[in-house]
Amino acid sequence: MASLTHPFHTSTTFNLPLRTKTRTHSRFLIAIKASKSTNPPLPGRKLRAAVIGGGPAGSSAAEALAAGGVETFLFERSPPSTAKPCGGAIPLCMLSEFDIPSPLIDRHVTRMRIFSPSNLCVDFGKTLRPDEFIAMLRREVLDSFLRSRAESRGANLVSALVTDLEVPTTPAAPYVVHYTANNSRRSLAVDVVIGADGANSRVAKSIHAGSYSCAIAFQERIKLPDEKMEYYENLAEMYVGSDVSPDFYAWVFPKCDHVAVGTGTVCAKQDIKLFQRAIRERVKPKINGGKVIKVEAHPIPEHPRPIRVRGRVALVGDAAGYVTKCAGEGIYFAAKSGRMCGEAIVNASEGGERMINEGDLKREYLRVWDAKYISTFRFMDLLQRVFYGSNASREALVELCGDEYVQRMTFESYLYKRLADGDRWQDAKMVWNTVGSLMRCNIIGR
């Protein structure tokens, strides 16, 4: 699930930009030259990789592998129609970093509103610059594009259900992917596997990667009358309160010709439909006359798995648990982890010429990922503990969102995925205001 933002911090074909290919190959050539692997060469063949799952994580991994010279097989169960209940918001930096063409974007959101449990409304977007926006898209459109691009780079797209991953008992033996395609059972032997098959990852279970807490996301796509859809033309809304979720938030995000209305929870998954009815009630005047055109539900991981690399198997995206708490952002981190993992394998194998091992994956992928992003996940976990524990703390959260400095720091971090350069005095003031808001709202709550 992709978040719009958070304080503090149909199948379509498109022409692929030429600059992507040039930049991709240049990046891999640099990576390969930097590698000094001692692994044995693979005479007469290339390293063979299976990527299980064709979402942003899997497609980005497959593209990186294939473009880097690795023989790549991308498994996706149902490519034409795969979609999940996802807000569909992506940060601005992802458009350029992953060369996402503008026709994929349904809405350029420049206006955000966040509503407290008492329906206090704050405009959370006053500090956006003229050239800044949050891109809203549909997951089925984005995923289809990324899969097609991976295929154009040389990945072999396999429309199949992976039923099992056979783990070798000796270090040099291959992994065997068992799958069902066209009602027949088949197998494929590979050297390395990337698990990008979501929160209920079969790959993770095959390597005993451990369990983690999962949220459940529930979303309805609602087609609104034209005059009501006009209201959401460039506006997205977030709602907090124990009525819509005891530990998360609810949303109304605009799409091409409809809005996505949904919510999520970890601690009360059995009540998800009650929370969905509650968010519909909160936004009732704005969606009256709308028609539900699709209902979606899906598990969302709440923290990284205990094990993300074992043997010659690596986990990325939701399978690895790369969804931030508090915000629920996952699309960017899925695509980023897939690309980083693919590039790590290309680097360690010297363009698919050598075998790789567990140490390579940990060194080239896992350590680099953790050094870059693990602090972000811990910080978002802390924010959820502070602001989602009670309605009083949620009121304080919304109150803080009205501060323009808070908004600017949030958008700097979210839109560009970098640590914003703050002002020490303003930072100290923000901490003081946070403590004050929490105290005041808890007193009023009591």
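Helices (H or I, at least four residues) and strands (E, at least two) are taken here as DSSP runs, numbered from the N terminus. On that basis, the chain comes out with 14 helices and 19 strands. The model is a predicted one, so local features need pLDDT of at least 70 and side-chain atom pairs count only at pLDDT 80 or more, while totals for chains, interfaces and linings use all residues. Residues are numbered from 1 along each chain as its sequence is written, and side-chain values use heavy atoms, with hydrogens and water left out.

As for the chain overall, 59% of its 446 residues count as buried, a label that means under 20% relative accessible area, with exposed meaning over 50% and partly exposed in between (1.4 Å probe, protein chains only). The accessible surface comes to about 18,500 Å², and carbon and sulfur atoms hold 53% of that; these areas come from the Shrake-Rupley method with a 1.4 Å probe, and for residues only the protein chains shown count as cover.

What about the cysteines? Cys121 is partly exposed at 35% relative accessible area, whereas Cys341 is buried at 0%. Disulfides (pairs of cysteine sulfur atoms within 2.5 Å) number zero in the whole structure.

Asn156 belongs to strand S8, which covers residues 156-159. With a relative accessible area of 34%, Asn156 is partly exposed. Setting aside neighbours within four places in sequence, Asn156 is in contact (heavy atoms within 4.5 Å) with Thr72, Phe73 and Leu74. Ala50 sits 106 residues from Asn156 in sequence, yet the C-alpha to C-alpha separation of the two is 9.5 Å.
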